There are 2 protein chains.
Amino acid sequence: MTLPVTIDQTACCTSGTAPSLPLAEAERIARLFKALGDPTRVRLLSMISSAEGGEACICDLTDPVGLSQGTVSHHMKLLTDAGLVTREQRGKWAYFALADGALDAAGEALRGL
Amino acid sequence: MTLPVTIDQTACCTSGTAPSLPLAEAERIARLFKALGDPTRVRLLSMISSAEGGEACICDLTDPVGLSQGTVSHHMKLLTDAGLVTREQRGKWAYFALADGALDAAGEALRGL
């Protein structure tokens with residue numbers, strides 16, 4: 001007697017890999033890195049980080065990146081919404097500083113992967 | 001005699017902030033973070049990172065994220081192109097592992113900001 005042999009062409013794997021990261025946590029991490037995933041925003045963050053007193057006026061950020069104030073404001077809003085920088089309005093101008101622990105939190109997220 | 005006084009309404013700033021980061025470097029960093037800026041890619045990286053033997057078959061990655069193999073392959077291509085994972089074809093299936101030092105390099109980029 002011969003036993004029927006079935007070869008499952010789709011079978012390949014021994015392990016049952018499961019997502020180790022809850023979706024909400026993955027979304028939080030992705031939001032942070034998405035904000036960092038643009039060369040202009042990386043340069044703006046770098047400028048703010050190295051600015052005297054740890055903060056920079058929007059009026060000082062436009063020329064070095066060669067973009068209009070509207071475009072720079074848009075990038076700064078994305079960075080602010082992502083929690084990477086804080087914004088303070090003083091008269092006509094907005095001043096930006098790195099948010100406490102924001103880059104550390106991003107580094108922490110990387111180490112947790 | 002009265003000297004003419006001109007008030008420049010656009011003047012605001014004392015410092016001359018300059019980009020501390022060359023554009024090419026900012027673009028390199030942004031590419032890396034853009035690849036991390038998606039929740040599915042964050043979950044895929046996390047699964048690969050925690051997989052037995054440090055590598056995962058594409059066939060094990062689709063079900064846990066609930067996406068088609070085509071979509072997961074696309075995400076894996078973006079992660080591979082960004083240098084975050086390596087890809088090895090074995091027969092029918094592609095296997096992925098974290099690229100040596102890739103997450104460290106991303107952490108380094110964060111600290112450099």
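Predicted model: local features only at pLDDT ≥ 70, side-chain atom pairs only at ≥ 80, totals over all residues.
Helices (H or I, at least four residues) and strands (E, at least two) are DSSP runs, numbered from the N terminus. A:G66 follows α3(A) and has a positive phi, near 70°.

Local features need pLDDT of at least 70 and side-chain atom pairs count only at pLDDT 80 or more, while totals for chains, interfaces and linings use all residues. Residues are numbered from 1 along each chain as its sequence is written, chains are lettered from A in the order in which they are written, and side-chain values use heavy atoms, without hydrogens and water.

In chain B, helix α3 (residues 58–65) packs on helix α4 (residues 69–81) at an angle of about 110°, with the axes 9 Å apart. Axes are lines fitted to C-alpha atoms, for helices over the stretch in contact, and angles run from 0 to 180 degrees between N-to-C directions. α3(B) is therefore roughly perpendicular to α4(B) (65 to 115 degrees; under 35 is roughly parallel, over 145 roughly antiparallel and the rest oblique). α3(B) contributes B:I58, B:L61, B:T62 and B:V65 to the contact, and α4(B) contributes B:Q69, B:V72, B:S73 and B:M76. Contact means heavy atoms within 4.5 Å.

A:M76 and B:M76 have the most contacts inside the largest nonpolar core, which has 72 residues. Such a core is a set of buried Ala, Val, Leu, Ile, Met, Phe, Trp, Tyr and Cys residues joined through side-chain atoms within 4.5 Å. Beyond its neighbours within four places in sequence, B:M76 touches residues including B:L44, B:I48 and B:F96.

One aromatic pair is counted over all chains (ring centres of Phe, Tyr or six-membered Trp rings within 6.5 Å; planes under 30 degrees apart are stacked, over 60 edge-to-face and the rest tilted). The rings of A:F33 and B:F33 have centres 5.4 Å apart and planes at 10°, so the pair is stacked. Each F33 lies in helix α1 (residues 23–36) of its own chain, so the pair joins two chains. A:F33 is buried at 0% relative accessible area. B:F33 is also buried, at 0%.

Note on methods. Buried < 20%, exposed > 50% of the residue type's maximum accessible area, 1.4 Å probe, protein only.
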